[in-house]
Amino acid sequence: MDTHEEDKLAPIDCDAAFSEYYTDPLTRDVFLRKLFDETAHHYDHINRVLSFGSGSWYRRRELLEAGLRPGMSVLDVAIGTGLVARQAILITGEPSAVVGLDLSAGMLAEVRRGLGRQMTLIRADAEQLPLADGGFHLVSMGYALRHVANLNAALREFHRVLKPGGRLLILEIGRPSSRVALALARAYLARIVPWLSGWTTGSKPARTLMRYYWDTIEHCIAPESILAAIRAAGFEHAQCGVEWDLFRAYLGKKSCNGADLR
Ligand SMILES: C[S@@+](CC[C@H](N)C(=O)[O-])C[C@H]1O[C@@H](n2cnc3c(N)ncnc32)[C@H](O)[C@@H]1O
């Protein structure tokens with residue numbers, strides 16, 4: 001049994017609105033793996049539609065703001081097709097210093113096509129990293145927080161594999177707090193993006209991916225709860241930058257004596 005079962009934190013309210021996708025934790029895992037495997041080769045295209053082509057620069061800017069510099073090592077959790085990792089490699093200047101991890105074989109196959117020979121790729125769960133303690137200067141996770149089953153377990157793992165003084169960067173889309181921004185986000189992300197994704201790819205799973213994307217944003221736990229979980233995992237200086245009431249960048253730092261915290 002998970003030794004931390006008692007402080008399991010689900011990042012989405014699982015009772016809300018998900019019965020059309022899955023009914024329990026087991027069918028949820030099957031649904032997610034199938035969904036990401038089936039949409040992997042459409043993911044970069046969908047991302048361009050979603051972000052009007054700004055995704056790469058945004059990821060690069062956030063990595064720099066999190067403190068990533070040449071010569072540092074990075075673990076990119078939930079690497080997907082490599083959109084964060086590609087920018088990390090450009091900044092660090094050393095592909096072998098960037099390790100990518102994901103649960104989906106389909107997503108990892110996409111990364112392998114573009115970056116695979118340059119970097120280490122691992123198929124594993126964010127909640128159980130098959131990596132030694134204290135190996136990385138920065139752990140990043142782009143747009144996958146809503147998909148882990150236990151956020152506390154994942155954050156504890158991120159903290160464990162960081163070097164003392166290492167940085168955490170989690171990028172997410174958050175439910176807007178203002179009514180106008182929420183209405184606009186709903187119109188675009190819940191309706192236009194799923195429709196466009198399905199239409200331009202001819203793929204039903206691509207449409208489902210983007211419908212699920214919005215549904216998980218709507219039912220994600222509050223940013224304050226995410227920040228509290230980051231602190232509870234042992235991180236210092238936990239903070240969250242917000243842009244357009246939608247784009248969220250969570251930051252944390254492992255104490256320089258971090259090894260003593262656990
Ligand atoms: C929306 S994609 C994000 C990809 C990329 N990080 C980006 O910035 O666009 C979400 C990724 O999270 C991965 N994922 C979901 N749950 C995971 C878990 N528990 N452990 C590792 N990867 C997971 C999926 O397989 C998928 O590749």
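1. Ser104 caps the N-terminal end of helix α5, with a side-chain oxygen placed 3.3 Å from the backbone nitrogen of Gly106. Helices (H or I, at least four residues) and strands (E, at least two) are DSSP runs, numbered from the N terminus. The model is predicted, so local features need pLDDT of at least 70 and side-chain atom pairs count only at pLDDT 80 or more, while totals for chains, interfaces and linings use all residues. Residues are numbered from 1 along each chain as its sequence is written, and side-chain values use heavy atoms, with hydrogens and water left out.

2. Helix α5 spans residues 105–114, and its buried residues are Gly106, Met107, Leu108, Glu110 and Val111. Buried means under 20% relative accessible area, exposed over 50%, and partly exposed in between (1.4 Å probe, protein chains only). The cover over these residues includes α1 (25–39), α2 (43–51), β2 (98–102) and β3 (120–123).

3. The axes of α1 and α5 come within 6 Å and cross at roughly 30 degrees. Axes are lines fitted to C-alpha atoms, for helices over the stretch in contact, and angles run from 0 to 180 degrees between N-to-C directions. Helix α1 is therefore roughly parallel to α5 (angles under 35 degrees count as roughly parallel, over 145 as roughly antiparallel, 65 to 115 as roughly perpendicular and the rest as oblique). Phe36, Asp37 and Thr39 of α1 meet Ala105, Gly106 and Met107 of α5, where contact means heavy atoms within 4.5 Å.

4. In α2, the buried residues are Tyr43, Ile46, Asn47, Val49, Leu50 and Ser51. They pack against α1, α3 (55–65), α4 (83–92), α5, α7 (179–201) and α8 (204–218).

5. The largest nonpolar core has 82 residues, of which Leu75, Met119, Met141, Leu155, Phe158 and Tyr212 touch the most other members. Helix α8 gives the most to this core, with seven residues. A nonpolar core is a set of buried Ala, Val, Leu, Ile, Met, Phe, Trp, Tyr and Cys residues joined through side-chain atoms within 4.5 Å.

6. Arg146 lies in the loop between β4 (136–142) and α6 (151–161). Arg146 counts as buried because its relative accessibility is 0%. The side chains of Arg146 and Glu172 are joined by a polar contact of 2.8 Å. A polar contact is a pair of N or O atoms within 3.5 Å; within protein, one must be able to donate a hydrogen and the other to accept it, and residues adjacent in sequence count only if both atoms are side-chain atoms.
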